[in-house]
Every structure is written in structure tokens, then in C-alpha cells.
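Here are a few notes to read alongside the model. Have it open as you go through the points.

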Amino acid sequence: MTYPSTNPDRAALYIKAVHEIRERLRCIDRLLANDMAPLLIQEFCQLQLRLAAECLAIACLAAQGDFETHKAFRERYEPGAIFKALEVLFPGFFPTPSIMQRVGDGQWHFDGDGHGHAITRDDIEQIWNLSGAHLHRGSAKRYLKDAVEVDLLYITRAKEKFWNLLMDHIVVLSDHVSRFHVHAERFGEDIRCHFLFLDMENGTARVEAYDAAVTLAQ
């Protein structure tokens, strides 16, 4: 298997993961507006959150382009295991909120706030770690003893925090200097991406747009 190594290849895989996360979050939006049994809504939504968390872990791997250094980079799917391995080599691997705005000819501003209340690494790991309790009915003993608590407010908050990060964020690349910025429309289909190549000596940056068309497998 050939893993992506060039910036365009890594960006294509990253955008594919972002696109899938967006479709799963849209699915949660639709489920929360459904009139089916609340327990079923919670279970379906929790599954989508778990899969979105796994997609984000893949996106983090794609941004760094390192699939060889650590076995976890190739064979693990748990976000916690992937994040733990990534942080040793790439401390800034996790995306952070940032809105990119043109402020003049060849001039850009990147804020550090994004849309506020964005999902964090700890949130992603918690979503994944707790999902088993929501997606398995457990033993007969537990089934007879426990009443399942439905908490759609938790689902809503987690989903919105995920959206807040996904819509506008930036990630530090493997050279620890370059950046990759992503803007993903919540209600439209656009996903706009830019590479930022920083010149630390002169305090400038070169911004290059990257375009890629992606589709989610049917």
C-alpha cells in the first residue's frame, strides 16, 4: 500500500476525512430532528460521533504524512492511541480553531478563536471511550438492573463543538512551521483549503490555495 507523502496527496486525504465528518454531523442534525424513540436517536447519533472521531484521527495522520514511524499510525483506529503516538513527534498535530480572512491585497488574517467552543482532543477521546457503553446493551445482569439514560443534550453539545472546529481550523504540519487551513461550509458544499508556508526569518508567509473534489462512498 502506498501512503500519501506529498503535500497535495496529504491534503486530499485530509479533505476526504473532513468531508466524511461533515456528512456524519449532518446525519446527526437530521436524527435530532426526527420523532423516533429518543433512545434510538441517541444510539444512532453516538455511533456517528464515534466514527467522526475516528475520521478526525485519520485527518491528523494525513496532515503529518507519517504512516511509517509508529505501528499505531498504520494499524490502530482508536483516536487516543493515534494521538498519543502523534504527539511525541508532532506536538501541534491537533487542529485548532481559526478563521481565515483576506484583509488586503496579498494580506490575510488568521484569528485564534474560530467559532468558539470547539471540540478538543480530550473531547474526541472521551466520545470514543464512552461510546461502547452507549452502543452495547451489555449482559443480561446489566440489562435487568440498569435503566438506560437518554441524554440528547450531550449529543447536541458534542455535535455543535465538532461543527465549530470543522468549519474553520488550522493544523501545524510535520515541519513544525508550515500550516494547513480548512474552511468547510456547514450548509453548502464548499471545502476551501490553503497551505501556509512561513518565512520565520522575514516574518512573512506564502499562502497557496489547494482545491480537491471529494465524494463520500455510497
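1. A quick definition first: buried means under 20% relative accessible area, exposed means over 50%, and partly exposed is in between. Lysine 161 sits at 28%, so it counts as partly exposed. Bear in mind that this is a predicted model.

2. Lysine 161 has a partner: it forms a salt bridge with aspartate 123, with the closest N and O atoms 2.8 Å apart. That pair ties together distant parts of the chain, aspartate 123 being in helix H5 and lysine 161 in helix H7, 38 residues apart. Aspartate 123 counts as buried, at 17%.

3. Now look at glutamate 189, which forms a salt bridge with arginine 22 at 3.7 Å between the closest N and O atoms. Glutamate 189 is in the loop between E5 and E6, and arginine 22 is in helix H1, 167 residues away. Glutamate 189 is exposed at 56%, whereas arginine 22 is buried at 1%.

4. Beyond its sequence neighbours, phenylalanine 180 contacts residues including Tyr14, Ile170 and Phe195.

5. How many disulfides are there? The count comes to 0. For cysteine 27, the nearest cysteine sulfur belongs to cysteine 45, 7.1 Å away.

Terms used
Residues are numbered from 1 along each chain as its sequence is written. This is a predicted model: local features need pLDDT of at least 70, side-chain atom pairs count only at pLDDT 80 or more; totals for chains, interfaces and linings use all residues. Side-chain values use heavy atoms; hydrogens and water are left out. Contact means heavy atoms within 4.5 Å. A disulfide is a pair of cysteine sulfur atoms within 2.5 Å. A salt bridge is a side-chain nitrogen of Lys or Arg within 4 Å of a carboxyl oxygen of Asp or Glu. Helices (H or I, at least four residues) and strands (E, at least two) are DSSP runs, numbered from the N terminus. Buried means under 20% relative accessible area, exposed over 50%, partly exposed in between (1.4 Å probe, protein chains only). Lists of a residue's contacts leave out its neighbours within four places in sequence.
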